Amino acid sequence: MYKNAKTGEIGNIKIEKGLFGRISNLMKQNVIPHLWEILNDRTKDTVPDHSIENFSIANGEEQEFPSHCIANFKIAAGLQEGDFYGMVFQDSDLAKWLEAAAYQLMAQPDQELEKKADDAIRLIGMAQQEDGYLNTYFTIKEPDKRFTNLCECHEFYCTGHMIEAAVAYYRATGKRELLDIMCDMVDCIDRTFGPEKGKLKGYPGHEEIELALVKLYRVTDDEKHLRLAKYFIDQRGQKPLYFDWEFEKRNHEAHFSYLYPPYGMYSNGSKYAQYHKPVREQEAFVGHAVRCMYLASGAVDVAKLTNDNALFDTCKKLYENMEGRRMYITGGVGSTPNGEMFTYDYDLPNDLVYGETCASIGLMFFMQRMLLVEQDSRYADTMERALFNTCIAGMSLDGKNFFYVNPLEVDPEASRENPNRKHVLPVRPAWFGCACCPPNLARMITSLAEYLYVVNGENVFVNLYMENQAKLDLDGMKAVFDVTTDYPYDGEITISIKQEAEFTFHLRIPKWCGNEYRIFINEAQVITDSVNGYAVLERDWKASDKITLALDMEPKRMYANPKVSKDVGKVAIQRGPVVYCLEEVDNGAGLQQVYLPVDSKLKVVDRPDKLEGIKEIYTEGFKLVNKGAENLYTAKPDYKFKKIPLIFIPYYAWANRGENEMTVWVHEKN
Ligand code: FUB
Ligand code: ZN
């Protein structure tokens, strides 16, 4: 285990240009200020829910519903009259916003933003109870029922998010107020739960606090914080099952009754919330996908800090199963809306998919942590797949609308008329009643700098490629360099060293390019060893040295394992890390009747004018059309292939030109 491996620091890595420069700028200019207005109910851009009944939002009939998040804190603080409103985890929306604001402040001071955050923190402090307890739902609505329904009620989840915000804000500003608030809340939890005699043997229904407690431990150095994180992981799934005991104790009262026993998702030994077995015995991700990702992230953290190889091996096993059998080509996870869950190996339906934005963000958290323990490029490959596809598809190109569900195949009529597909929206709504994804994306993008590099002793592992300027602290020296590139649209990446230093670069060679890459140092080609998927370049670097990595960017035809029944006979197009798709607006309706010939030439065309600047892929295909009578069934085929031009665009950019069909996988024609 690499105990000392660390990420780069946000303030020391500037991402200002290129695809992610644009997205980061959107976060700063539009998203963070807009989310603040929403949390304060000062905008009409809110809608009640992301699912079934609210499909109307896709048709422009937006309804106005408040977030009420800040209002809940004001009511809990006694500053305002009223009732709690929102999800039982509504507090976490403010926590994620605060965390994103903190990362933004690390990147760039901003007095106005800092004042908003300070005001919010003051309010949070006023909503805290005498004994440290903090949760507006229970404080306002059911003060005598706190900690009685850990299974469903997200107290630890909200605490976890608020801890993450507190740690980030402390790192950004040095201000301890929120950190102290959260240390008090953790003390309150620690007095109540734990292995010691007399304490309750509970753990979170929705994992999150585990990884947050590790972050807290890193700034407080208080062993109690790490111990509690480890306890929650070790206790999960132990017999007797705590959630069953808790359920009995509540006389079978349920918060979400439809999810509860005898038949619901929280039933006895539930896979939905990963307590069907102790964590170390789990071999595949099951149940709610975001929960799985957060659990695994916390488990890797604990494994790293406690040198627990067995726990790390569990995480590796879970990763291998997911990457090999349960992940979409877009880096989406979660195959069903029913419980927002993983299902079984190779079950990856494109149209019924869930692929929650938060789940792919959680996958990035998990991969970042795996890389800190084991510098193996496959984790970075997976992280890249999630980031360049599902994560950024989660937001519209103007930063104003968001996806919760990220399908690989959409037909607006099916979304409207088929109850099983109503969760799949063909356009991004402005907001959600359950608004977990937009602020999650905000905190991930504002901290993206922490995903680019892993520094381990005198080694710099380059995991993600994008234009940036970096200053990394190595053992007793600094690695200072600029990365210039138009990646993912161009495969040439130039690293210009800015300061003399002796260290080793490990450049990730993405799996998608195989051996089709070249490396140059100061224009001279070098042949290097590749270790764990990284090209190793050890030098006494001079201030003017330049490394160029040239990755082959030929578009690739991708095929799924034949066990993925929905993709049999189909092909997807990927160029570099970017997965492509067809949209109706470019190709006409009826995308499921489109065929791509095995030998059609894929021509890459630069379109700086389209979808904020993309490279599209032009080719020729066919459409299966009826020749004559439209019989539903016939013994004699009554159709023909009609030649049509096809235009593929990057998946992340779909649904930015109104409601229309989309597909990633296309039938292949021999
Ligand atoms: O339960 C909290 C969050 O809301 C989950 O992580 C998301 O899947 C959404 O259900
Ligand atoms: Zn979400």
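This is a predicted model: local features need pLDDT of at least 70, side-chain atom pairs count only at pLDDT 80 or more; totals for chains, interfaces and linings use all residues.
**The zinc site**

Begin by selecting the zinc ion (ligand 2) together with Glu356, Cys358, Cys436 and Cys437, which are its protein donors. The glutamate contributes OE and each cysteine contributes SG, at 2.1 to 2.3 Å from the metal. Display the angles among the 4 donor atoms: they run from 94 to 117°, and the site is tetrahedral. Along the chain, the donors are arranged with the spacing E-x1-C-x77-C-C.

Are Glu356 and Cys358 buried or exposed? Glu356 has a relative accessible area of 3% and is buried. Cys358 is likewise buried, at 2%.

Then select His288, which places a polar side-chain atom 2.8 Å from an oxygen atom of ligand 1. Glu340 also has a polar side-chain atom 2.8 Å from an oxygen atom of ligand 1.

**Helix α17**

Return to the zinc donor Cys437 and select residues 437-446, which form helix α17. How many of the residues of this helix are buried? The count is 10 of the 10, so the helix is largely enclosed by the rest of the structure. The buried residues include Cys437 itself, the prolines Pro438 and Pro439, and also Asn440, Arg443 and Thr446. Leu441, Ala442, Met444 and Ile445 belong to the buried set as well.

**Two cis peptide bonds**

Proceed to the loop between α10 (223-235) and α11 (242-249), where Pro240 lies. The peptide bond from Lys239 to Pro240 is cis, with omega near -5°.

Then go to the loop between β9 (477-485) and β10 (492-497), and select Pro488. Tyr487 and Pro488 are joined by a cis peptide bond, with omega about 10°.

**The loop between α11 and β3**

Select His252, which is located in the loop between α11 and β3 (287-288). With 44% relative accessibility, His252 counts as partly exposed.

Ser270 lies in the loop between α11 and β3 too, but at 2% relative accessibility Ser270 counts as buried. Draw a distance from the C-alpha of Ser270 to that of Phe243: the two residues are 27 apart in sequence and 9.2 Å apart in space.

**A last stop at Leu611**

Finish in the loop between β21 (603-607) and β22 (614-626), where Leu611 is found. Leu611 has a positive phi, near 50°, and is a residue other than glycine. Its relative accessibility is 12%, and because buried means under 20%, Leu611 counts as buried.

Technical notes
Residues are numbered from 1 along each chain as its sequence is written. Chains are lettered from A and ligands numbered from 1 in the order in which they are written. Side-chain values use heavy atoms; hydrogens and water are left out. Donors are N, O and S atoms within 2.8 Å of the metal (3.2 Å for Na, K and Ca); water is not among the atoms, so sites may look incomplete. Four donors count as tetrahedral if all angles lie between 85 and 135 degrees; four count as square planar and six as octahedral if opposite donors are over 155 degrees apart and all others between 65 and 115; anything else is irregular. Buried means under 20% relative accessible area, exposed over 50%, partly exposed in between (1.4 Å probe, protein chains only). A polar contact is a pair of N or O atoms within 3.5 Å; within protein, one must be able to donate a hydrogen and the other to accept it, and residues adjacent in sequence count only if both atoms are side-chain atoms. Helices (H or I, at least four residues) and strands (E, at least two) are DSSP runs, numbered from the N terminus.
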